[in-house]
Amino acid sequence: VELDLKDGVQVYYLSPKSQSWQVGTICGTSGPHKLKVKDDETGDVSTVEKHTNEVHKFMENGYSPADEDLFSMNDLHSSTLLWCVSERFEGLKQQYTRMGEIILSMNPFEGMPYNRPEVMDSYVAETDKAPHCWQVAHKAFRNIVIRDEGNQSVLISGESGAGKTETTKTLLQYLGKLSHSNSSHKLQKEICARVSEKLKNSNPILESFGNAKTVRNDNSSRFGKYIKLMLEPKSGVIIGAEMTTYLLEKSRIVTQGEGERGYHVFYEFLSGISAEEKAKFGGLKEAKDYKCLNQGNCFQRRSTDGRRVEDDAQSYRGLVDAMDKLGIEEDVREQIFTVLAGILHLQNVEFGTDAGTGKSTIANPDVLKIAAELWGVDAEGLGKTFTVKSSTNIMTTLSTQNETE
């Protein structure tokens with residue numbers, strides 16, 4: 001469609017500087033295919049391609065920030081959509097916007113009044129309210145229990161820092177409350193409360209072992225998960241839950257970019273255990289002393305709202321408490337932390353090159369031996385998992401130092 005783009009026409013344009021949609025006024029051309037646009041707010045002049053998706057004519061009354069459904073917009077375009085969402089969030093303080101069956105959420109990076117427990121109670125009682133992610137969960141619940149439509153799925157997606165982790169937690173909390181309110185007698189309510197409590201206590205564990213600080217998000221989930229809730233179809237009581245898919249970013253265990261951290265649990269573990277426990281786990285040190293934790297040169301992370309620095313030692317205590325409440329016995333916890341300690345020691349194993357063969361050797365076998373003893377395996381056999389490239393009955397191929405590292 002040929003747009004009437006001439007001097008004085010107000011447009012949305014994709015700013016080359018910020019790569020975001022801004023509002024400006026055409027103030028000239030730069031050749032036959034480029035426009036000069038003056039930003040209405042800053043006065044800066046940018047050059048954009050004329051016949052591309054970088055410019056869109058501004059329409060008066062193209063949208064109303066007060067309208068909760070984006071599908072009601074008169075001008076359905078990515079620029080107007082984003083401006084509408086932005087004005088709803090910044091001007092009206094509305095985190096959620098409806099888009100047909102989809103709920104679009106802006107991450108406020110702080111607690112909002114409409115996400116409080118008392119507000120959750122009102123959504124359980126009445127769903128015909130302002131847009132909220134709880135409504136998606138409520139509809140799925142209703143389709144199972146009332147409409148008998150079988151299994152339902154809720155998909156939470158977005159870029160890093162969009163708020164997927166917090167949304168998942170509040171959805172699970174809402175479903176637990178909805179299930180509890182739907183329970184008809186004491187036993188059902190007890191079962192529901194017990195399962196809901198276990199779901200709640202699983203969150204600190206999942207976050208410790210699966211979340212890390214990145215340059216964009218201090219609590220970024222570095223894994224994908226599929227959580228399955230089992231409901232008794234007639235009563236709607238949650239009777240169980242399981243995680244059927246778990247896809248971890250394994251590379252982050254051994255490497256991070258500048259300004260990033262590895263998984264929270266390593267820093268929490270080293271900050272939270274006592275000197276005696278560190279000695280028991282093979283003489284553990286500080287996070288800065290391990291190659292798998294110090295590459296990003298970053299040892300702290302901020303809280304979800306960004307206002308304070310998280311206390312890793314306190315987070316470790318919360319992790320242990322959550323494990324205990326979830327029913328993970330002390331000896332199993334000990335085995336889990338022994339595995340973590342072994343990984344830390346292995347990260348400090350150094351490799352050299354045999355002068356005769358040119359193949360890789362272990363330069364500090366004493367460090368390898370500590371990990372092997374913690375895990376109860378043979379040190380020589382553990383070392384071969386690094387230095388032996390392949391082995392058959394006929395031939396063994398050794399790795400070079402570069403391949404081993």
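User: How many bridges join E3 to E4?
Analyst: Five bridges join strand E3 (residues 34-39) to E4, and the two run antiparallel. Strands here are DSSP runs of at least two residues, and helices are H or I runs of at least four, numbered from the N terminus. The model is predicted: local features need pLDDT of at least 70, side-chain atom pairs count only at pLDDT 80 or more, and totals for chains, interfaces and linings use all residues. Residues are numbered from 1 along each chain as its sequence is written, and side-chain values use heavy atoms, with hydrogens and water left out.

User: What is the bridge partner of Lys-34 in E4?
Analyst: Glu-49 is the bridge partner of Lys-34.

User: What order do the strands of the sheet have?
Analyst: The open sheet has five strands in the order E4-E3-E2-E1-E5, with antiparallel pairing; two strands pair if DSSP finds at least two bridges between them. Strand E4 (45-49) and strand E5 (55-57) are the edge strands, each pairing on one side only.

User: Turning to Thr-29, is that residue buried or exposed?
Analyst: Thr-29 is exposed, because its relative accessible area is 53% (buried is under 20%, exposed over 50%, partly exposed in between, with a 1.4 Å probe and protein chains only). Thr-29 is found in strand E2 (residues 21-29).

User: Which residues does Thr-29 touch, leaving out those up to four places away in sequence?
Analyst: Thr-29 touches Lys-34, Leu-35 and Lys-36, where contact means heavy atoms within 4.5 Å.
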